[in-house]
Amino acid sequence: MDKLINDFSFGLFFWQALILLVLILLLVKFAWKPIMESITAREEGIKNALLSAENAKREMENLQADNQRILNEARAERDAMLKEAREMKEKMIADSKNEAQEAGQKMIAQAKAAIESEKNAAMAELKLQVSTLSLSIAEKILKEELSNKESQTKLVEKMLGDVKLN
């Protein structure tokens with residue numbers, strides 16, 4: 001440090017100071033304005049980017065709210081459709097049960113009617129057979145009675161033994 005103080009020259013200092021001042025003036029005249037403009041432009045760009053980011057954030061919030069609303073509406077619509085489908089299913093099942101029950105009742109009524117008609121037909125045929133048999137017995141008895149009383153009784157007993165009733 002002593003060496004710097006001992007070697008100090010005012011002429012050199014003057015010229016270095018003058019060059020520094022000229023350099024500062026040149027920088028202020030030619031470089032300062034563009035540097036400040038670029039800094040200002042950069043600052044404006046940052047402000048615009050922040051505003052854009054804020055607007056994008058608000059828009060995203062709005063979109064999320066819209067998406068949530070649409071999702072809720074879709075869920076409500078889905079629930080309504082499922083409820084309607086369940087009601088339709090239950091109604092179809094009930095209708096099918098009723099139709100099956102009615103068909104069963106009709107089949108039972110038809111079966112009862114068929115059984116009744118078969119029963120009546122069987123009774124009519126049985127009556128016809130009984131009457132035919134009675135007439136034939138009566139005819140044979142009358143023939144035998146006219147001929148022999150003892151043989152007539154044996155004949156009636158024999159015929160009654162041959163006849164088997166259901």
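Predicted model: local features only at pLDDT ≥ 70, side-chain atom pairs only at ≥ 80, totals over all residues.
## Overall form

The protein has 3 helices and 0 strands, and from the N terminus on its elements run α-α-α. One of these helices, α2, covers residues 10–147. Along the principal axes, the C-alpha trace spans about 195 × 35 × 20 Å. The radius of gyration of the protein is 64 Å, whereas a compact globule of 166 residues would have a value near 15 Å.

## Burial and surface

Of the 166 residues, 3% count as buried. The protein exposes about 15400 Å², and carbon and sulfur atoms supply 63% of that area. With regard to charge, there are 25 positive and 27 negative side chains, and the centres of these two sets lie 2 Å apart.

Leu23 counts as partly exposed because its relative accessibility is 45%, a value between the 20% under which a residue is buried and the 50% over which a residue is exposed.

## Salt bridges

A search of the whole structure finds 3 salt bridges. In one of them Glu43 is paired with Lys47, the closest N and O atoms being 3.9 Å apart, which falls within the 4 Å that defines such a contact. Because Glu43 and Lys47 are 4 residues apart in helix α2, they are separated by about one helical turn. Glu43 is partly exposed, at 43% relative accessibility, and Lys47 is likewise partly exposed, with a relative accessible area of 43%.

Arg69 forms a salt bridge with Glu73, and here the closest N and O atoms are 3.2 Å apart. Arg69 and Glu73 are also 4 residues apart in helix α2, so that about one helical turn separates them. Arg69 has a relative accessible area of 42% and is therefore partly exposed, while Glu73, with 46%, is partly exposed as well. A further salt bridge joins the side chains of Arg78 and Asp79, with an N to O distance of 3.1 Å. Asp79 counts as partly exposed at 39% relative accessibility, and Arg78 is partly exposed with a relative accessible area of 45%.

Note on methods. Residues numbered from 1 in each chain as written. Heavy atoms only, no water. Helix = DSSP H or I, 4+ residues; strand = E, 2+ residues; numbered from the N terminus. Buried < 20%, exposed > 50% of the residue type's maximum accessible area, 1.4 Å probe, protein only. Rg over C-alpha atoms; globule rule 2.2 N^0.38 Å. Areas by Shrake-Rupley, 256 points an atom, 1.4 Å probe, with all protein chains shown as cover. Lys, Arg positive; Asp, Glu negative; His and termini not counted. Charge placed at Lys NZ, Arg CZ, Asp CG, Glu CD.
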